[in-house]
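Grab a pencil and work through these exercises with the model open beside you. Each task comes with a worked solution.

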Amino acid sequence: MLRFGILSTAKIGRELVVPAIQDAENCVVTAIASRDHAKARAMADRFSVPHAFGSYEEMLASNAIDAVYIPLPTSQHVEWAIKTADAGKHVLCEKPLALKAEEIDAVIAARDRNKVLISEAYMVTYSPVWRKVRSLIADGAIGRLRHVQGAFTYYNRDPGNMRNIPALGGGGLPDIGVYPAITTRFSTGREPLRVQASTERDPEFGTDIYSSVRADFGDFELSFYISTQLAARQVMVFHGDKGYIEVKSPFNADRYGREEVELTNQSHAQSQLFRFQDARQYRLEAEAFARAANGEPEEVVTLESSRLNQKFIDAIYRASEKDGWEPI
């Protein structure tokens, strides 16, 4: 059993990741850390976790854990991923790992010198939904892929929310723009070559709240929009010359619709519906990470892939400041 420590009592950990780890077959949460010991103790008691620490450093020094899950604000991810690795612990870090691609170089160096596993927590890449999309494309179910279309939006104008605070790494592209990027790259095995984009920022918060993106992948294009101030919507469509694939609830499984993949043929006369009941993508993520940390063969998100994804996001920001194409 891989023993996890949780670095903070953040909402995503409380509501999604900790329950998933506790439900997993090969890992368990043995410690919670917070700068407020009472909060750590309360969360530990809620999930029957034996150890609660009043500082992050104290937990990293403990022999009660083998790995650390980091759900801190984005601006702190690189710092604590490196500190955790230097403490000899494996790292599962919430996305986005960094705010610039070059920041990930220091994390790669920490991984290599400490010989630990560090992986960005893209739960979608462990979902049977996205494994199915990848296999359909690889098997030629839609013929030649020509276009990928996506959207991810929600509405949030809470000034106290980290997504609306630039100093904490807030903004729409770091929070949700990464998802159309990672799922397209994961499903196709291809990398974007250049990008065009427009981005709008909130005049009060200063964060990016809307982006429209067109990316050239060579043989196909990806177009998507994201927003933190639009009615909630999620969709991804992969369009080929023999058919298309629509992913109904592509990112937050079963919260924006059913966990379904629909394959429709060229003439739109036939379709196949693949349903995934209770896919538990966070549990699958934890179990895959635990296997990889224990040296078993397992596909996880590598830091090299994380760097490529962040290069894509960095290029979108640059493209938004100019007309025409921006190389990635």
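**Exercise 1.** Find the bridge partner of Ala31 in β3.

*Solution.* Start at Ala31 and look across to β3: the partner is His51. Strands, numbered from the N terminus, are DSSP runs of E with at least two residues, while helices are runs of H or I with at least four. Next, zoom out: β2 (residues 27-33) and β3 run parallel and are joined by three bridges. Two strands count as paired once DSSP finds at least two bridges between them.

Before going on, keep in mind that this is a predicted model, where local features need pLDDT of at least 70, side-chain atom pairs count only at pLDDT 80 or more, and totals for chains, interfaces and linings use all residues. Residues are numbered from 1 along each chain as its sequence is written, and side-chain values use heavy atoms, leaving out hydrogens and water.

**Exercise 2.** Work out the strand order of the open sheet, then say which strands stand at the edges.

*Solution.* Walk across the six strands and you get β3-β2-β1-β4-β5-β6, with parallel pairing. β3 (51-53) and β6 (118-120) each have a single partner strand, so one side of each has no neighbour in the sheet.

**Exercise 3.** Which residues make the contact between α1 and α8?

*Solution.* Contact means heavy atoms within 4.5 Å. From α1, pick out Ile12, Leu16, Val17, Ala20, Ile21 and Asp23; from α8, take Tyr282, Arg283 and Ala286. Now sort them: seven are nonpolar (Ala, Val, Leu, Ile, Met, Phe, Trp, Tyr, Cys or Pro), two are charged (Asp, Glu, Lys or Arg) and none is polar (the others, Gly among them).
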